[in-house]
Amino acid sequence: KNLSFSYPDGTLALQDISFNLARGQHLVLIGPSGAGKTTLVNLLLRYWEYQHGHIYLDGQELRTFRGEELRSKIAVVGQDAYIFNTSLRENLSIARPSANQEQIEAAARLAHIHDFITGLTEGYDTWAGESGLHLSGGQRQRIAIARALLKDTPILILDEPVANLDPEMEQAILQSIHACAQDRMLLTITHRPAALQLADQVIILSGGRVVGS
Ligand code: ADP
């Protein structure tokens, strides 16, 4: 609500932003580079403190949440997927160590990475990361998506999640994320119009302001 934010160097990154995202809703935030999209996500995660306005999560002001509590409610798939130096299974379950094989595979299927993994000689036990399997940008991104789905948080944020994927894969993955996000708040940040087809709500951001919806 009426959210404004300036960086410490004085750059006014967001001005008077208001929107509402309900559970089960898919909001797509679109806008050119420098529009303030990533800044908005960083405010949601409380990496920065906003100076004016409010963010409410389930009716509670965001500032009253502890960082850890907040991060357990939000999964973010960013543009750069970090691959840990461990097995693919652990790479997927890292945010939810209690996940069983069935749950891991279900998430991998939704992210369209399961078939690739089972095609490897060692399957889910294959070592990834610096000293292991070399994954392409698109494969890394699909692992990051599966990881986030497995974390099973009420809020899922996809920040340019398909930047490294071809358009067909992009559509397939966005569709499966959309299908399994029925009781979640789903926020997709993109500059690609393809994502708009699946949105319940679209916000166009430019120069730190909402210029259309
Ligand atoms: P987008 O994600 O839409 O490309 P950003 O949120 O990254 O846009 O950036 C919004 C504005 O804030 C831009 O003018 C950018 O230069 C500025 N900005 C981003 N990060 C910082 C920072 N750490 N310090 C100062 N200004 C920043």
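This passage describes the surroundings of the ligand and then the open sheet in a predicted model. Residues are numbered from 1 along each chain as its sequence is written, and side-chain values use heavy atoms, with hydrogens and water left out. Because the model is predicted, local features need pLDDT of at least 70 and side-chain atom pairs count only at pLDDT 80 or more, while totals for chains, interfaces and linings use all residues.

Helices here are DSSP runs of H or I with at least four residues, strands are runs of E with at least two, and both are numbered from the N terminus.

A polar side-chain atom of Thr39 lies 2.5 Å from a ligand oxygen atom. The backbone takes part too: a polar backbone atom of Gly34 is 2.7 Å from an oxygen atom of the ligand, and for a backbone N or O atom of Ala35 the distance to a ligand oxygen is 3.1 Å. On its own the ligand has 570 Å² of accessible area (Shrake-Rupley method, 1.4 Å probe), and the protein covers 63% of that area.

Turning to the sheet, six strands are arranged in the order E6-E7-E8-E3-E9-E10, with mixed pairing. Two strands pair if DSSP finds at least two bridges between them. At the edges, strand E6 (74-77) and strand E10 (209-212) each pair on one side only.

Strands of a sheet pair through backbone hydrogen bonds, either parallel or antiparallel. Strand E7 (residues 155-159) and strand E8 (residues 185-190) run parallel and are joined by five bridges, with Ile155 opposite Met185 in E8. Strand E9 (residues 201-206) and E10, in contrast, run antiparallel and share three bridges; here Leu205 stands opposite Val210 in E10. The hairpin of E9 and E10 has two residues between the strands, and in it Gly207 takes a positive phi near 55°.

Key: Polar contact = N/O pair within 3.5 Å; in protein donor to acceptor, adjacent residues only side chain to side chain.
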